[in-house]
There are 2 protein chains.
Amino acid sequence: MSDKYARFVDCLRPQADLAAALSLLEWDQETYMPEGAIDGRARQIGTLASLLHERQTDPRFVELVDELATRLDSLSPEQAVDVRETKWRLDRRRALDPELVRKRSELHAQARSVWIAARESGDFGLLAPYLQHIVDLEREVAGRIDPSRPPYDVLLEEFEPGATTDGLEQVLGQLRQGLKPLIDRLRARLERGAALSRALHGHFPIEAQKRFNLMVAVSLGFDLRKGRLDEAAHPFSTSLGDDHRITTRYDVSNLTYALYSTIHETGHALYEQGLDPTAFGLPRGQSCSLGIHESQSRLWENLIGRSEAFWHYLLPLAQEHFPSLQSVTAQEALQVVTDARPSLIRTESDEITYNMHIILRFELEQAMIDGRLAVSDLPQAWAEKMQEYLGIRPHDDRAGVLQDVHWASGAIGYFPTYSLGNVYAAQMLEAAEAAVGPLGPQIERGDFHPLLDWLRRNVHRRGQALRPEELVAAATGRTSSPKALLEHLGRRVEFLES
Amino acid sequence: MSDKYARFVDCLRPQADLAAALSLLEWDQETYMPEGAIDGRARQIGTLASLLHERQTDPRFVELVDELATRLDSLSPEQAVDVRETKWRLDRRRALDPELVRKRSELHAQARSVWIAARESGDFGLLAPYLQHIVDLEREVAGRIDPSRPPYDVLLEEFEPGATTDGLEQVLGQLRQGLKPLIDRLRARLERGAALSRALHGHFPIEAQKRFNLMVAVSLGFDLRKGRLDEAAHPFSTSLGDDHRITTRYDVSNLTYALYSTIHETGHALYEQGLDPTAFGLPRGQSCSLGIHESQSRLWENLIGRSEAFWHYLLPLAQEHFPSLQSVTAQEALQVVTDARPSLIRTESDEITYNMHIILRFELEQAMIDGRLAVSDLPQAWAEKMQEYLGIRPHDDRAGVLQDVHWASGAIGYFPTYSLGNVYAAQMLEAAEAAVGPLGPQIERGDFHPLLDWLRRNVHRRGQALRPEELVAAATGRTSSPKALLEHLGRRVEFLES
């Protein structure tokens, strides 16, 4: 069996190289590619995606995986993980023929580019036909993978293996229930006239912001020998083998706009940089799920980056980069970065209302896939749910349905993983603090290593050895629940009311 | 046959997409890749090169090409070009097995990275074992392609199809003979104490230089909708489909250092941007040879960029970007950029002595491949030839054998194409001027279109319809000879002596 396992590894690693080349084509498209190159790029991505799919479904490889999967007991536990996870993904993939895969990749690349134009002009009509194609195609994809289950269930598992719509409805349902009174309190606070602090607004030259954001990422533990920070319209992180790239976007008048994108993407990159490099290209050396990935970005962005201890550390450094901040106090900064109030744009919303943005998207995308909602009715449905959950309506589609690239990238079933990430993150931080002692004093002096080390050991290094729910249970000693998150958010509201 | 030709096209285009992805991996390695990612990148390049080679030698594709090649008369003349050129390259490629191709690509990627370290530390010993592997492997490659011919002949044709060592020795031999008295006159002028003008030296902020170089590239006709200008240690141009990227490097105290690299690479990019986009991925839509490519870069860099008319156009713009140039005259600038004297670094050498640098490399690489020169003796042999042809010796290997990346990239047989390019360029400019009238007045007012249009029609649009020698004859009405170049260089020496 060990011969066969070695051949299996020799098949997986070139697949990882192809995936890395694909990631580079996509990274470049979002950062440096000249606009006139978009058609060629869509075709290149389509060709490589199809080649990768061919490799992943090559009969010799498939036979090898199927054979190894029947003999898991003859493999080491680590080898068994690699085979089990590969088999699970293979079963999904072999349901799709190369032509469908090529069509899907090309459609996503085109739609992403159309989305940029639609968002700039605020014209949902430009995107609608592409989105309709995407919905139809994803429904077809789900049907090919498993015609016996509701299509949305099947799509969801692409991002969160082992998750079910029922389980998700339970966690997000509890979360929605717990959020409702908190959001009511936020609205009451607004009616009492709570003003938005402008303590962190001003003029922050972009070049200085670039240095500042890079310093923040590095201080959290981001390794620049194996990573980069660049600009992109929509911040993202990606890995090209052992090369982990994050992007952010800058607003000259708003320091926190780039800062929290950077910390968020740094959280993703720290996870990737913490995976086992000796297991490169194998499931053991790959991230567990999008929900676990988001738990890492959210933990650093919200639970660390918006803590009082962090601002005691960060403010003096911010003042060095931006002398206009001299008179700001850590408490004032904290009021800015923890402020919470219903708003229109998910990526600019606060830690509390954020989850309502996700619940809205979760419900709408389910409805589109189930055929209960036509793409053309999406802007209207969006506005109605915003009214119901947050008490506000978008004034146009740029502030509504056009704000996110996800659906235009074909990512349906992806949004719920953001709130799962928030749920996991709060639970993990509780466990980390129980293990390594109070984090506040460490963070105040800029020492993020004890926390990062705990995450490396309990989350990152595990790769795909455990499924998301098992990983959370192993790391925290409990099954996942929104309890820790709701407690944390409750404390936030108290702080704001004080 | 038209069905089969269509299938042939459907095979070629995905190959071009893979080649574009490879070019992006290489471009990124030289521009933005973090240094710790080099091992993974070498492996990714190896994997994609091997995949491309698999496609190019896929039995179904090979059979199709072989069959079409026996029926050229049943195809249109354009289709026949595509098949003929594909067959010629295929015959070379199918001589190499995928494992050899993978080994070769990985070795080149590693050696390029080692070359950077060796060049920084001036330690040829670091590079030597890699270079020895490259020489051995290239010899093996040549033997597999055609064991009946001298290996150097076989390698040469990779870059200049239809060229022979004999033909090259004749052209470069005439050139060397013609250069000898010119270089003697340059040395006599130096002995008379000709000082190096510093009229274009000073302080030129890098950001202003970036804007200036971009403006120059665009004014010559470079289309930024389908291209970029970036920084790299060693300037190069590359095409990722219809996306043409050039790089340059900056010296804050020397304006011309970046300027002429930029113009050179712009010449390459103008050629690529002038190819027929409807023939994408087919030989008709691809550049003819490296010699023809160099003719385009050299024509713009030397024959246009160092002309009096060009400086009448450029100087006022340079003065806008760099106010310290206010008191410089076009004549003074011209004396700087046409100055010629023996020097050590090829890329910084002048139009006249440059060709001796090439002849030296041509002779040394031939000797290495033929086994007459050991890699370990290369620094010594380099120094001796420098003494013989230019009367100077490098003080260390950074100024000698370590200055160029070519051999470390596995490009043996490549250097001669630079001088071929100079030869072709002078001959083409003579023909262009005969066709469109005196270029001076057009260039003085920044109108480069008549010349670019002539090049588009007579060179660029032809793709690989003609072999290099045929293309030169069709465009200029004469077979190639160093006569026009030597006349031009003779006029340069006269100007310098005046």
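A:Arg144 and A:Asp97 form a salt bridge, with 2.7 Å between the closest N and O atoms; the term covers a side-chain nitrogen of Lys or Arg within 4 Å of a carboxyl oxygen of Asp or Glu. This pair links distant parts of the chain, 47 residues apart: A:Arg144 sits in helix H6 (residues 124–145) of chain A, and A:Asp97 in the loop between helix H4 (77–93) and helix H5 (98–121) of chain A. Helices (H or I, at least four residues) and strands (E, at least two) are DSSP runs, numbered from the N terminus.

A few ground rules before going on. This is a predicted model, where local features need pLDDT of at least 70 and side-chain atom pairs count only at pLDDT 80 or more, while totals for chains, interfaces and linings use all residues. Residues are numbered from 1 along each chain as its sequence is written, chains are lettered from A and ligands numbered from 1 in the order in which they are written, and side-chain values use heavy atoms, with hydrogens and water left out.

**Salt bridges**

Over all chains, the structure holds 92 salt bridges. Here are some of them:

| Pair | Closest N to O distance |
|---|---|
| A:Arg144 and A:Asp97 | 2.7 Å |
| A:Glu138 and A:Arg104 | 2.9 Å |
| B:Lys210 and B:Glu231 | 3.3 Å |

A:Arg144 is partly exposed at 36%, and A:Asp97 is partly exposed at 32%. A:Glu138, on the other hand, is buried at 2%. In chain B, B:Lys210 comes out partly exposed at 29% and B:Glu231 partly exposed at 38%.

**Where the chains meet**

On the interface, 34 residues of chain A are in contact with 34 residues of chain B, contact being heavy atoms within 4.5 Å. About 2,700 Å² is buried between chain A and chain B, and carbon and sulfur atoms give 58% of that. Buried area here is the accessible area (1.4 Å probe) that two parts lose on being put together, summed over both.

The rule finds eight salt bridges across this interface. Helix H1 (2–31), helix H2 (38–56) and strand S1 (227–231) of chain A each supply at least two residues of the side that touches chain B. H1(A) gives the most to that side, with nine residues.

**The strands of chain A**

Strand S3 (residues 244–248) of chain A is mostly covered, with five of its five residues buried. A:His244, A:Ile246 and A:Thr248 point one way from S3(A), A:Arg245 and A:Thr247 the other way. In a regular strand the side chains alternate between the two faces of the sheet.

S3(A) pairs with S1(A) in the parallel sense over five bridges, where pairing requires that DSSP finds at least two bridges between two strands. Within S3(A), A:Ile246 stands opposite A:Leu229. Strand S2 (residues 237–239) of chain A pairs with S3(A) in the antiparallel sense over three bridges, and A:Ser239 has A:His244 as its bridge partner. The hairpin of S2(A) and S3(A) has four residues between the strands, and A:Gly241 takes a positive phi near 65 degrees there.

**The strands of chain B**

In chain B, S1(B) and strand S3 (residues 244–248) run parallel, joined by five bridges. Four of the five residues of strand S1 (residues 227–231) of chain B are buried.

Notes:
Buried < 20%, exposed > 50% of the residue type's maximum accessible area, 1.4 Å probe, protein only.
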